[in-house]
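Visitor: I'd like a walk through this fold, and I'll keep asking how you know what you tell me.

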Amino acid sequence: MYYRCAIVCFLGAVLACGCGRRDKEISPLLSAIMNDSVSMAYDRPGDSVPDDGCVRLRTRTKLPLSKLFNDINPQHIEVARRDGIIPVDSPDKAWTQGRGLVKIESNRYYFVDELTHSYPYLKPHAAALLAEIGRRFHDTLQARGGGDYRPKVTSVLRTPLTVGRLRRVNRNASQESAHQYATTFDLSYSKFICDDAASTRRTFEDLKNLLAEIVADLRSEGRCLVKHERKQACFHITSIAPADSIFGNIQYE
């Protein structure tokens with residue numbers, strides 16, 4: 001509450017003094033934090049469909065996901081610090097670090113869930129990675145027989161304040177989070193958005209394996225680090241800036 005009030009006071013003082021920071025120039029991130037709200041964008045029918053009548057989906061994922069995606073938190077933090085923003089722990093940093101970030105919103109290729117402990121902003125290379133995952137997921141699904149599903153984004157940019165809030169309800173949440181650097185996002189592997197239940201039905205298990213295949217390919221291309229999170233049922237993904245690719249190919253079996 002103190003943090004939020006400090007931002008409101010800071011913004012009010014800036015606007016009152018007329019010192020060159022006009023309302024239309026306010027950092028979107030500062031505005032989002034001040035309002036403590038995020039865009040929930042776009043209608044969707046739901047993320048649950050009956051399992052009966054599902055058509056099995058061919059995927060290449062063979063290894064257990066915990067073995068396939070085992071990049072540990074210190075690795076994510078190292079890359080995030082190098083390629084990301086300075087964590088936003090003050091109104092001034094919300095102003096300066098928010099510039100140049102990309103706001104992510106639900107679209108044809110992925111759905112941004114209701115974000116209770118994060119804000120929908122990423123560095124451009126991380127936003128591009130998320131878009132690429134969504135496009136590849138969609139195109140591969142269509143190439144293998146169809147289905148109208150999107151991955152769900154469940155967490156994006158966090159601040160020290162939201163990390164503290166999250167730790168109060170989830171003791172497994174890390175105090176030193178890569179999410180604070182605008183390079184990292186979580187994709188659910190247990191739930192997917194079904195845009196048309198009348199189209200080819202797929203099990204969420206097959207969709208999980210397809211998403212894992214797409215993410216594994218991008219990891220092998222040196223685009224990201226990935227951790228398989230069991231308790232949160234998500235892929236914790238940290239984007240690597242283009243000049244910093246560090247992985248060669250990985251094997252599926």
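Guide: Here is a short tour of the sheet, its aromatic rings and its nonpolar cores. This is a predicted model, where local features need pLDDT of at least 70, side-chain atom pairs count only at pLDDT 80 or more, and totals for chains, interfaces and linings use all residues. Residues are numbered from 1 along each chain as its sequence is written, and side-chain values use heavy atoms, with hydrogens and water left out.

Visitor: What makes β5 and β6 a pair of strands?

Guide: Strands here are DSSP E runs of at least two residues, helices are H or I runs of at least four, and both are numbered from the N terminus. Two strands pair if DSSP finds at least two bridges between them. β5 (residues 152–155) and β6 (residues 184–188) have 2 bridges, in the antiparallel sense, so they meet that cut-off. Across that pairing, Ser155 stands opposite Asp186.

Visitor: Why are β2 and β8 said to stand at the edges?

Guide: The open sheet has 5 strands in the order β2-β5-β6-β9-β8, with mixed pairing. β2 (111–112) and β8 (224–229) each have a single partner strand, so one side of each is left without a neighbour in the sheet.

Visitor: How do you know that β6 and β8 both pair with β9?

Guide: Count the bridges again: 5 join β6 to β9, and 6 join β8 to β9. Both pairings run antiparallel. His236 in β9 stands opposite Asp186 and is also the bridge partner of Lys227.

Visitor: What makes β9 mostly covered?

Guide: Buried means under 20% relative accessible area, exposed over 50% and partly exposed in between, with a 1.4 Å probe and protein chains only. In β9, 6 of its 6 residues are buried. Cys234, His236 and Thr238 point one way, while Phe235, Ile237 and Ser239 point the other way. In a regular strand the side chains alternate between the two faces of the sheet.

Visitor: What makes the pair of Tyr189 and Phe235 tilted?

Guide: Their centres are 5.1 Å apart and the planes sit at 45 degrees, so the pair is tilted. Tyr189 counts as buried at 10% relative accessibility, and Phe235 is buried at 0%. Together with Phe69 they form one aromatic cluster.

Visitor: What is meant by the largest nonpolar core?

Guide: A nonpolar core is a set of buried Ala, Val, Leu, Ile, Met, Phe, Trp, Tyr and Cys residues joined through side-chain atoms within 4.5 Å. The largest has 39 residues, and Phe69, Ile104, Ile133, Tyr149, Phe235 and Ile237 touch the most other members. Helix α8 gives the most to this core, with 9 residues. Apart from it lies another core, of 13 residues, among them Leu30, Ile33, Val88 and Ala182.

Definitions and conventions
Phe/Tyr/Trp six-rings, centres within 6.5 Å; stacked < 30°, edge-to-face > 60°.
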